[in-house]
Amino acid sequence: LPREGDVLMLPGDGVREGGKFLPGAYLVESIEHIYTPADYAGARPCEARLTKAVAHVTSLNPTLTA
């Protein structure tokens, strides 16, 4: 999983017309970890498992103008 301060290369929407997010480098500002209860046989009391990790990123790409 990425950490705060890491730089990620993300695919974005591509470079086609109408693409909202360009592919390129993004800086990880923060990470959200979302957990759910572990509900399987043999789970310990109050055990949780990581269900989803969300990275909040900022684009490091230059602004393109037409």
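**Reading the model**

Author: Cys-46 is placed in the loop between E2 and E3. Its phi is near 65 degrees, a positive value in a residue other than glycine. Please keep in mind throughout that the model is predicted.

Reader: Since the model is predicted, what average pLDDT does the protein have?

Author: The protein averages a pLDDT of 87, and 89% of the residues score at least 70. Among the elements, the lowest mean pLDDT, 92, belongs to strand E1 (residues 7–10), while strand E2 (residues 24–37) has the highest, 95.

Reader: How many helices and strands are there in the protein?

Author: The protein has 0 helices and 3 strands. Read from the N terminus on, the order of its elements is β-β-β.

Reader: In which sense do E1 and E2 pair, parallel or antiparallel?

Author: E1 and E2 pair in the antiparallel sense, over 4 bridges. Within this pairing, Met-9 stands opposite Ala-25 in E2.

Reader: How many bridges join E2 to strand E3?

Author: E2 and strand E3 (residues 48–59) are joined by 11 bridges and run antiparallel. Here Ile-34 stands opposite Lys-52 in E3. As a general idea, side chains in a regular strand alternate between the two faces of the sheet.

Reader: Is Ile-34 buried, partly exposed or exposed?

Author: Ile-34, which is placed in strand E2, has a relative accessibility of 33% and therefore counts as partly exposed. Leaving aside neighbours within four places in sequence, Ile-34 is in contact with Arg-49, Leu-50, Thr-51, Lys-52 and Val-54. From C-alpha to C-alpha, Ile-34 and Ala-53 are 6.1 Å apart in space, although 19 residues apart in sequence.

Reader: Which residues does Asn-61 touch, not counting those up to four places away in sequence?

Author: Asn-61 touches Leu-22, Pro-23, Gly-24, Ala-25 and Tyr-26 on that count. The place of Asn-61 is in the segment after E3, and its relative accessible area of 22% makes Asn-61 partly exposed. Asn-61 and Ala-25 are 36 residues apart in sequence, yet their C-alpha atoms are 6.2 Å apart in space.

Reader: What share of the contacts in the protein with a separation of 6 or more comes from residues 24 or more positions apart?

Author: Such residues account for 42% of those contacts.

Reader: I now turn to charged residues. How many salt bridges does the count come to?

Author: The general idea is that side chains of opposite charge can pair when their charged atoms come close. In this structure the count comes to 1 salt bridge. Its partners are Glu-47 and Arg-44, whose closest N and O atoms are 3.6 Å apart. This pair qualifies because the cut-off between a side-chain nitrogen and a carboxyl oxygen is within 4 Å.

Reader: Why does Glu-47 count as buried, and why does Arg-44 count as exposed?

Author: Buried means under 20% relative accessible area, and exposed means over 50%. Glu-47 counts as buried because its relative accessibility is 18%. Arg-44 has 59% relative accessibility, so Arg-44 counts as exposed.

Reader: What part of the protein do buried residues make up?

Author: Buried residues make up 11% of the 66 residues in the protein. The accessible surface of the protein comes to about 5,400 Å², and 56% of this surface belongs to carbon and sulfur atoms.

Reader: Which residues make the nonpolar surface patch of about 360 Å²?

Author: Leu-1, Tyr-35 and Leu-50 make that patch. Of these, Leu-50 lies in strand E3 and counts as partly exposed because its relative accessibility is 41%. Leu-50 is also one of the residues in contact with Ile-34.

Methods: Residues are numbered from 1 along each chain as its sequence is written. This is a predicted model: local features need pLDDT of at least 70, side-chain atom pairs count only at pLDDT 80 or more; totals for chains, interfaces and linings use all residues. Side-chain values use heavy atoms; hydrogens and water are left out. Buried means under 20% relative accessible area, exposed over 50%, partly exposed in between (1.4 Å probe, protein chains only). pLDDT is the predictor's confidence in each residue, from 0 to 100. Helices (H or I, at least four residues) and strands (E, at least two) are DSSP runs, numbered from the N terminus. Two strands pair if DSSP finds at least two bridges between them. Contact means heavy atoms within 4.5 Å. Accessible areas come from the Shrake-Rupley method with a 1.4 Å probe; for residues, only the protein chains shown count as cover. Patches are made of residues with over 30% relative accessible area and no salt bridge: like charges are joined within 9 Å, nonpolar side chains (Val, Leu, Ile, Met, Phe, Trp, Tyr) within 5 Å.
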